[in-house]
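I opened the model to look up a few contacts and the packing inside it. My notes follow.

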Amino acid sequence: MNKKEGNNKRGGSRPNSTRPSSNKPKPPMPKRAQGPKKAKPTTEATGTKKTAKPVNNIPKPLKSDDIRLNKYIANSGICSRRDADIYIQSGNVKVNGEVITEMGYKVKPGDVVNFDGTLITPERKEYILLNKPKNFTTSNEDDADHRNVLELVRAATKAKIQPIGRMDKNTTGLLVFTNDTDMIRKFSLPNQKSTKIYQVSLDRNLKFEDLEKIAGGVTLDGHKLFVDEISYIDGEPKTEIGLKLRTPNVKVVRAIFENFKYDVLKIDRVSFAGLTKKNLPRGNWRFLTEQEIINLKNV
């Protein structure tokens with residue numbers, strides 16, 4: 001009995017103990033209940049902060065339509081952003097009747113912009129995809145043997161569109177037109193990420209060892225050109241080659257094979273930055289969808 005009593009005293013685990021002192025641990029319960037009461041002001045303060053956030057965010061949507069003055073001028077088709085900066089610094093641009101020389105100045109909706117005394121308004125951005133036929137070129141030179149590609153898309157829009165990149169009269173396939181100067185500049189950069197796929201027709205079969213050499217990269221004019229992919233086209237003679245590149249210059253395609261002593265008979269661009277010729281017959285054009293425009297901007 002004494003041992004049991006001693007165990008009970010040390011362990012204090014028996015629920016049937018009659019000692020009044022065994023019920024003394026209960027007071028801590030109200031202390032724990034007081035914890036949340038002290039935390040309530042903190043929760044209320046946090047709630048106040050949360051309701052304040054939308055108030056701070058209200059002006060942001062109002063600024064979404066603001067546009068830098070140099071971009072506003074470039075979008076009108078007068079000149080590039082860089083040239084616009086020069087005109088702004090020279091005091092040739094007015095907004096709402098006041099001369100603006102501040103770099104980075106933003107034009108708000110409804111502002112009146114005058115460029116060298118002429119009222120300007122930015123055009124709506126247009127994006128058109130053409131499946132170019134032969135005997136049309138992006139060159140503006142007068143030649144009785146070819147016509148300018150703009151003739152093919154003249155009925156599409158009144159905006160001052162221009163092609164992205166160049167194509168000679170013998171090259172066919174996809175060509176994008178736009179008045180978005182930022183996009184034109186983007187796809188003209190040599191280090192761009194977008195890929196183009198070409199079907200190339202040669203005067204003779206491409207040797208497998210030459211195909212492997214091209215796949216490993218080609219040096220042209222002292223510069224190393226990396227080829228994303230090259231292969232024979234299934235079901236076609238070995239004169240028909242598929243080539244994937246990132247360079248925007250179509251002339252490079254011809255130069256690659258001429259470097260290995262092949263004559264290029266035909267070049268057809270079948271893909272441009274994810275765009276394809278699906279449901280677009282030769283000589284026809286169509287407007288790009290909103291998703292396609294987003295994809296091009298995110299390339």
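I looked up the side chain of aspartate 111 and found a polar contact with the side chain of asparagine 96, at 3.1 Å. A polar contact here is a pair of N or O atoms within 3.5 Å; within protein, one must be able to donate a hydrogen and the other to accept it, and residues adjacent in sequence count only if both atoms are side-chain atoms. This is a predicted model, in which local features need pLDDT of at least 70 and side-chain atom pairs count only at pLDDT 80 or more, while totals for chains, interfaces and linings use all residues. Residues are numbered from 1 along each chain as its sequence is written, and side-chain values use heavy atoms, with hydrogens and water left out.

I placed aspartate 111 in the loop between β4 (106-107) and β5 (113-115); strands are DSSP runs of E, at least two residues, and helices are runs of H or I, at least four, numbered from the N terminus. A polar atom of the aspartate 111 side chain lies 2.8 Å from the backbone nitrogen of lysine 108.

Is aspartate 111 buried or exposed? I noted it as buried (under 20% relative accessible area, 1.4 Å probe, protein chains only).

I then turned to the nonpolar cores, sets of buried Ala, Val, Leu, Ile, Met, Phe, Trp, Tyr and Cys residues joined through side-chain atoms within 4.5 Å. The largest has 34 residues, and Ile230, Ile256 and Phe257 touch the most other members. Helix α9 gives the most to this core, four residues. I also found a second, separate core of 15 residues, including Ile184 and Phe187.

Notes:
Buried < 20%, exposed > 50% of the residue type's maximum accessible area, 1.4 Å probe, protein only. Lys, Arg positive; Asp, Glu negative; His and termini not counted. Salt bridge = Lys/Arg side-chain N within 4 Å of Asp/Glu carboxyl O.
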